[in-house]
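Please examine the following model with attention to its sheet, its nonpolar cores and its charged pairs. The explanation below takes these topics in turn.

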Amino acid sequence: MDIASSSLCQAHKISLTRQPSSPVNSCSLGSVSVIGFSLPQISSAKCLRKRSSSGFVRACVAVEQKTRTAIIRIGTRGSPLALAQAYETRSKLQAIHPELTQDGAIHIEIIKTTGDKILSQPLADIGGKGLFTKEIDEALINGHIDIAVHSMKDVPTYLPEKTVLPCNLVREDVRDAFICLTAASLADLPAGSVVGTASLRRKSQILHKYPSLAVEENFRGNVQTRLSKLQGGKVHATLLALAGLKRLSMTENVASILSLDDMLPAVAQGAIGIACRTDDDKMANYLASLNHEETRLAVACERAFLETLDGSCRTPIAGYAAKDEEGNCYFRGLVASPDGTRVLETSRKGPYVFEDMVKMGKDAGQELLSRAGPGFFGN
């Protein structure tokens, strides 16, 4: 249940003029939104790098002057990772469509979402689906933006009316990374060590394999915030999606990478999805040129699994579909009790075809629902 119906954040005109190849993690912008077609042009901009002892904190200041009309307005959240994904989208569009390389042709709008606004409570407590997409979807439906760039693991299994999500970019590494200043892996942490994570999926799998560890559930914030909390000693270790660290060029912080056997990823982890309005053929054509079909089918299989389980923020669920060496789809799914005392897994193999893969995901979900029984997920 969404906590509130939030409006777009107050407009501050700002332009994101870094080249697609520029490292996004060196420039972290505040959450602002520019409504309309105008794209500010920068007369001067400077990035201020404020380094803590960990080197995690970075900031960027830009000054706006003139405006131009944008061909495509991209909506995204304001975190450094969300911006990296928007820049990646912009770069890929410009590589294929010469008209989009002109100055001001693509404009990036930053929209603050409910999930960004409420950081003091665990995700499970503020509940509902679409915590990181609702306001961006509203901007898309209302015509304030033309396309919306999402982390697919944040996207509910249903889509709002008048929107379609026809495009997934090439998927990044789906595995989780172990981040710690004193140990090389979860297995090396002393009993009683505290691992910070906002993910019940990670919590349940950690406690299932390492019951001597403790988990801090409300370990929220963007990548830089979580790393700063770790550096400040609030927890002994944390887990982050390797895909995000790669997109931010921050893999130097990784102590080790967890195998899929140690930590099955979230549904659609590492995948970027791009939505547009159902009646916008122009944007649909642009997105068709970016779509990576192998990723789209894998994500569809995993989301069919999640939808069947009716997963929520209170449900530890993991799922991963990929093409094997024979060209078939191999799917693994998992559900767990929140405390990690019970973990149920299943797998499927079949043709790498949309209909077959969706069927596999649904069938795997039905099996785990049956095996779990009533009351398995507690609340």
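In which sense, parallel or antiparallel, do strand β8 and strand β10 pair? Strand β8 (residues 194–196) and strand β10 (residues 237–241) pair in the parallel sense, over two bridges. Within this pairing, T238 in β10 is the bridge partner of G196. Strands here are DSSP runs of E with at least two residues, helices are DSSP runs of H or I with at least four, and both are numbered from the N terminus. Two strands count as paired if DSSP finds at least two bridges between them.

The model is predicted, so local features need pLDDT of at least 70 and side-chain atom pairs count only at pLDDT 80 or more, whereas totals for chains, interfaces and linings use all residues. Residues are numbered from 1 along each chain as its sequence is written, and side-chain values use heavy atoms, with hydrogens and water left out.

The pair β8 and β10 belongs to an open sheet of five strands, whose order is β9-β8-β10-β7-β11 and whose pairing is mixed. Its edge strands are β9 and β11 (256–257), each of which pairs on one side only. Two helices lie across strands of this sheet. Helix α5 lies across β7 (176–180), β8, β9 and β10, and runs at about 130° to β10. Helix α6 lies across β7 and β10, at about 165° to β10. These angles, on a scale from 0 to 180 degrees, are taken between the N-to-C directions of axes fitted to C-alpha atoms, for helices over the stretch in contact; contact means heavy atoms within 4.5 Å.

The next topic is the nonpolar interior. A nonpolar core is a set of buried Ala, Val, Leu, Ile, Met, Phe, Trp, Tyr and Cys residues joined through side-chain atoms within 4.5 Å. Buried means under 20% relative accessible area, exposed means over 50%, and partly exposed lies in between (1.4 Å probe, protein chains only). The largest core has 32 residues, of which I145, M152, F305, C329, V335 and M357 touch the most other members. Elements giving two or more residues to this core are α4 (134–141), α9, β13 (317–323), β14 and α10 (354–372), and α9 supplies the largest share, six residues. Because domain 1 (69–170 + 271–291) and domain 3 (293–378) both give residues to this core, it lies between them; the domain bounds come from an automatic or database domain assignment. Leaving aside neighbours within four places in sequence, the contacts of C329 include C301, A321, M357 and M360. A second, separate core of 22 residues includes Y87, L100, C276 and M283.

Finally, the structure holds 22 salt bridges, each defined as a side-chain nitrogen of Lys or Arg within 4 Å of a carboxyl oxygen of Asp or Glu. E217 and K203 form one of them, at 2.5 Å from N to O. This pair links distant parts of the chain, 14 residues apart: K203 is in helix α5 (residues 200–209), and E217 is in the loop between β9 (214–216) and α6 (223–231). K203 is buried at 13% relative accessibility, whereas E217 is partly exposed at 34%.

The side chains of E345 and R332 also meet in a salt bridge (3.5 Å, N to O). Because E345 lies in strand β15 (residues 343–350) and R332 in strand β14 (residues 329–336), the pair ties together parts 13 residues apart in sequence. A salt bridge also joins E293 and R296 (2.8 Å, N to O), which are three residues apart in helix α9 (residues 293–309) and therefore separated by about one helical turn.
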